Structure formats: C-alpha cells, structure tokens
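Good morning, and thank you for coming. I would like to guide you through one protein structure this morning.

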Amino acid sequence: MIGRLNHVAIAVPDIAAGAAQYRDTLGATVTEPTPQPDHGVTVVFIELPNTKIELLEPLGADSPIAGFLAKNPSGGIHHVCYEVDDILAARDRLKAAGARVLGDGEPKIGAHGKPVLFLHPKDFNGTLVELEQA
Ligand code: CO
C-alpha cells in the first residue's frame, strides 16, 4: 500500500542553523524557510536525489512540535512520510487494522499542498507516520 518515502522530518531548535548546516556543510540544495501558521511550524526542505528532508521549527505559542523539542532540546527525527495512491482507502484499511489516525481522521492539506494524515506513533514502533496522497 505505501509507496515512496516522501520525506523524513527533523524538528530543530534553530531552522536557520539547521538549513545552513545542510547547505554549507553537507552541500545539499535547501529551500528558503517557509512559515506555515496553520501547522504551527516553519519549514525548510532539503532536496536529495531520492527523497527530501524537512526541517521543522516551532512557530507560535502552541506549536505541535513544541513538546517534542522540550523533550529533545537539540532536535531529532520527528516523523517519516510515505506516499499512498488513495489516502482515504489507506485510512480505512489502517483503521480496520486497529491503527489510530490522529485528529478527526480527515485528511488535511500538508506542506506540499496535498492531503495528509498522521498515524499514532505507539502503533508504529514509536515513529510518527505521515501519509501523503501521491
Ligand atoms: Co511531514
């Protein structure tokens, strides 16, 4: 059911420093920081030949990644994102298998303008999983 790895997201305390490290030290192509107030994060994408890395910095008072960074002050891997051909079919299949879909269970428009869902990390070996409509 799942297809390509769309991205790995890393929560960072300082997105400018994180972007500079990937651009200058690792020699990657890095986008400009983009505030996403609806999601409570500022995002940078690092474009690799086979996937992307997404750096996330908290934005606003109740950012959904604030708690994660409080527990991991130097940052850390926050989620992995897999592409699916049909996000509603994927959701229904996962729910039938007992997986918990976060929020109200309805896809929201994610950072790439496509519908996304998140799955409870306790159901996936401690890893927050994002599904994105391919
Ligand atoms: Co993501």
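Let us start with the metal site. Along the sequence, the donor residues of the cobalt ion follow the spacing H-x46-E-x24-H-x50-E. Please keep in mind throughout that this is a predicted model.

Which residues supply the protein donors of the cobalt ion? They are His7 and His79, each through NE2, together with Glu54 and Glu130, each through OE. These donors lie 2.1 to 2.7 Å from the cobalt ion. Among the 4 donor atoms the angles run from 88 to 178°, and the site is classed as irregular.

Glu54 belongs to strand 5, residues 52–58, whereas Glu130 belongs to strand 9, residues 128–133. The two are 76 residues apart, and the pair thus links distant parts of the chain. Are Glu54 and Glu130 buried or exposed? Both Glu54 and Glu130 are buried.

I now turn to the overall fold. The protein contains 3 helices and 9 strands. In sequence order, the pattern reads β-α-β-β-β-β-α-β-α-β-β-β. The radius of gyration is 15 Å, close to the 14 Å that the globule rule gives for 134 residues, so the protein is as compact as a globular protein of that length. Taken along the principal axes, the C-alpha atoms fill a box of roughly 45 × 35 × 25 Å.

Some totals complete this overview. Of the 134 residues, 42% are buried. If we take the contacts between residues at least 6 apart in sequence, 54% of them join residues at least 24 apart. The accessible surface comes to about 7400 Å², and carbon and sulfur atoms account for 54% of that surface.

Next, I ask you to find strand 4, residues 41–47. Why can we call strand 4 largely enclosed by the rest of the structure? The reason is that 6 of its 7 residues are buried. Buried here means a relative accessible area under 20%.

Several strands pair with strand 4. Strand 2, residues 29–30, pairs with strand 4 in the antiparallel sense over 2 bridges. Within this arrangement, Thr29 stands opposite Glu47 of strand 4. Strand 3, residues 34–36, also runs antiparallel to strand 4, and 3 bridges join them. Here Gln36 stands opposite Val41 of strand 4. Strands 3 and 4 form a hairpin with 4 residues between them, and Gly40 in the turn has a positive phi of about 70°.

How many bridges pair strand 4 with strand 5? There are 7, and the sense is antiparallel. Val44 has Leu55 as its bridge partner in strand 5, while Val41 has Pro58. Strands 4 and 5 likewise form a hairpin, with 4 residues between them.

Strand 5 brings us back to the strand that holds Glu54. Since 5 of the 7 residues of strand 5 are buried, this strand is largely enclosed by the rest of the structure. Strand 5 also pairs with strand 1, residues 5–11, in the parallel sense over 5 bridges. In that pairing, the bridge partner of Ala11 is Leu56 in strand 5. As a general point for reading such strands, side chains in a regular strand alternate between the two faces of the sheet.

Finally, let us consider a loop. Most residues other than glycine have a negative phi. Asn125 is not a glycine, yet it has a positive phi of about 55°. Where is Asn125 found? Asn125 is in the loop between strand 8, residues 115–119, and strand 9. Its relative accessible area is 79%, so Asn125 counts as exposed.

Asp123 is found in the loop between strand 8 and strand 9 as well. At a relative accessibility of 28%, Asp123 counts as partly exposed. Leaving aside residues up to four places away in sequence, Asp123 touches Gly98, Ala99 and Arg100. From Asp123 to Val30, the distance between C-alpha atoms is 32 Å, and the two residues are 93 apart in sequence.

To close, I return to the metal site: His7, Glu54, His79 and Glu130 provide the protein donors of the cobalt ion. Thank you for your attention.

Definitions and conventions: Residues numbered from 1 in each chain as written. Predicted model: local features only at pLDDT ≥ 70, side-chain atom pairs only at ≥ 80, totals over all residues. Heavy atoms only, no water. Donors = N, O, S within 2.8 Å, 3.2 Å for Na, K, Ca; no water. Tetrahedral: all angles 85-135°; square planar, octahedral: opposite > 155°, others 65-115°. Buried < 20%, exposed > 50% of the residue type's maximum accessible area, 1.4 Å probe, protein only. Rg over C-alpha atoms; globule rule 2.2 N^0.38 Å. Contact = heavy atoms within 4.5 Å. Areas by Shrake-Rupley, 256 points an atom, 1.4 Å probe, with all protein chains shown as cover. Pairing = 2+ DSSP bridges.
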